[in-house]
Amino acid sequence: HENAPQIDAPLTKPIILDDSFWTIEDSSRLVLTLQKSNQMEWWDAVCEGDPTINLQKIVPENSNLSDLDGETRQTVEKMMYDQRQKALGLPTAEEQKKFDILEKFKAAHPEMDFSNAKIS
């Protein structure tokens, strides 16, 4: 039937509606551009019930950190740093930050005894 919907299933992941849009190209092709809510996540299918792809077989193209926008680059650099730290058995950036705050607090309150404190 000509008027039947061609896509009639929920998306597998959330999108940012205000940044997603459609266009018609070559007077015959509908192009949907969906802005993923989580930019760091791969989708194995667009709509629920669609055939899925094996995400393990995807080989992303090589890119340089300099190709990334500032916020993405910062996130990737932090992830790489944390991965290296974990591999060396050292604290991640977040763990180090918490440790530093605690040490500063201890220094500011020498009257407090932290010897039996269990801190996680």
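These questions and answers cover salt bridges and pockets in a predicted model.

Visitor: How many salt bridges does a search of the whole structure find?
Guide: Side chains of opposite charge can pair when their charged atoms come close. The cut-off used here is a Lys or Arg side-chain nitrogen within 4 Å of an Asp or Glu carboxyl oxygen. Searched over the whole structure, the number of salt bridges is 6.

Visitor: How many residues apart in sequence are the parts that the pair of E41 and K13 ties together?
Guide: The side chains of E41 and K13 form a salt bridge, with N to O at 3.3 Å. E41 sits in the loop between β2 (29–33) and α1 (70–87), while K13 belongs to the segment before β1 (21–25), so the parts tied together are separated in sequence by 28 residues.

Visitor: Is E41 buried, partly exposed or exposed?
Guide: Buried means under 20% relative accessible area and exposed means over 50%, with partly exposed in between. K13, the partner of E41 in the salt bridge, has 27% and is partly exposed. E41 has a relative accessible area of 25%, which makes E41 partly exposed.

Visitor: In which helix do D82 and K78 both lie?
Guide: D82 and K78 form a salt bridge whose closest N and O atoms are 2.9 Å apart. The two residues are 4 apart, about one turn of the helix, and that helix is α1.

Visitor: Which class has 7 residues in the lining of the largest pocket?
Guide: The largest pocket holds about 470 Å³ of space. It is lined by 13 residues, with M40, W42, P60, S63 and V76 the closest to its centre. The lining has 1 charged residue and 5 polar ones, and the class with 7 is nonpolar.

Visitor: What is the volume of the second largest pocket?
Guide: The lining of this pocket consists of N38, Q39, M40, D69, E71, T72 and T75. By class, these are 4 polar, 2 charged and 1 nonpolar. The volume of the second largest pocket is about 180 Å³.

Note on methods:
Residues are numbered from 1 along each chain as its sequence is written. This is a predicted model: local features need pLDDT of at least 70, side-chain atom pairs count only at pLDDT 80 or more; totals for chains, interfaces and linings use all residues. Side-chain values use heavy atoms; hydrogens and water are left out. Buried means under 20% relative accessible area, exposed over 50%, partly exposed in between (1.4 Å probe, protein chains only). On a 1 Å grid over the protein atoms alone, a cavity is a set of points where a 1.4 Å probe fits but cannot get out, and a pocket is an open set with protein on both sides within 12 Å along at least five of seven lines; lining residues have an atom within 4 Å of a point. Grid points are joined across faces, edges and corners, and a volume is the space filled by probe spheres set on the points. Ala, Val, Leu, Ile, Met, Phe, Trp, Tyr, Cys and Pro count as nonpolar, Asp, Glu, Lys and Arg as charged, and the others, Gly among them, as polar.
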